[in-house]
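Colleague: Hi! I'm new to this one, could you walk me through it?
Modeller: Happy to, let me put it on screen.

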Amino acid sequence: MTHLDRPTAVEVHHPQPITPPSAAAPLVPVQPGTAAQVQSVMLPDGRVITGYAIEPVKPEPVTVKPVISHTAVNIALGGIGFAAVCGGLFLLTAFIAALAAFIHQLIILAAVIFGGWIAVQIFSANRSSHGTTVNIRKAVIKRSHFHG
């Protein structure tokens, strides 16, 4: 059996401060240029431990919340931005539609002009050719007989 396995009695010593602090003393803020207060504690075996006193943690003061929350303001601003973007997209869509209609009209105009040019070329080619010209005289038709 080792010394770790043997059951031993444990004595608990609670240190007693030499100078007990007063409970009703107000907390005084310490300026950076001054030294902190030193306290000494005597243990039951007679040893004295000296050290600086630890000041209690002061809670942060409660801040007053604004009437309108920051989240609500951010959501509202996001909505305004979204509406502005939608308006811009609507204008962009209208511009693209107008541009497409303009291009469509230009294509139709080009087809009409090109078709007219082709028609003029076809009909003027027959007049300027050196083929046979046939003149039809005025014919008189009497009693189902042709007199030419």
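Colleague: How many helices and strands are in the chain?
Modeller: The chain has 1 helix and 5 strands. Keep in mind that this is a predicted model.

Colleague: And in what order do the elements run from the N terminus on?
Modeller: They go β-β-β-α-β-β. The helix, α1, covers residues 70–128.

Colleague: Where does UniProt place the "transmembrane region" feature?
Modeller: The UniProt record, an unreviewed entry, puts it at residues 75–96 and 102–120.

Colleague: What does the chain look like over those spans, helix or strand?
Modeller: Residues 75–96 are 100% helix and 0% strand, and the end C-alpha atoms of that span lie 31 Å apart. Residues 102–120 are also 100% helix and 0% strand, with 27 Å between the end C-alpha atoms.

Colleague: Switching topic: what share of the chain is buried?
Modeller: Buried residues make up 1% of the 148 residues. The accessible surface of the chain is about 14400 Å², and carbon and sulfur atoms account for 68% of that.

Colleague: Which residues form the nonpolar patch on the surface?
Modeller: Among them are Val85, Leu89, Phe95, Leu99, Phe102 and Ile113. Together, the residues of the patch have about 1200 Å² of accessible area.

Colleague: Let's pick Leu99. Where is it found, and why does it count as partly exposed?
Modeller: Leu99 is in helix α1. Leu99 counts as partly exposed because its relative accessibility is 41%, and that class lies between the 20% and 50% cut-offs.

Colleague: Last one: what about contacts between residues 24 or more positions apart?
Modeller: Those account for 31% of the chain's contacts with a separation of 6 or more.

Technical notes:
Residues are numbered from 1 along each chain as its sequence is written. This is a predicted model: local features need pLDDT of at least 70, side-chain atom pairs count only at pLDDT 80 or more; totals for chains, interfaces and linings use all residues. Side-chain values use heavy atoms; hydrogens and water are left out. UniProt positions are given in the numbering used here, feature names are shortened, and annotations may be inferred rather than shown by experiment. Helices (H or I, at least four residues) and strands (E, at least two) are DSSP runs, numbered from the N terminus. Buried means under 20% relative accessible area, exposed over 50%, partly exposed in between (1.4 Å probe, protein chains only). Contact means heavy atoms within 4.5 Å. Accessible areas come from the Shrake-Rupley method with a 1.4 Å probe; for residues, only the protein chains shown count as cover. Patches are made of residues with over 30% relative accessible area and no salt bridge: like charges are joined within 9 Å, nonpolar side chains (Val, Leu, Ile, Met, Phe, Trp, Tyr) within 5 Å. A salt bridge is a side-chain nitrogen of Lys or Arg within 4 Å of a carboxyl oxygen of Asp or Glu.
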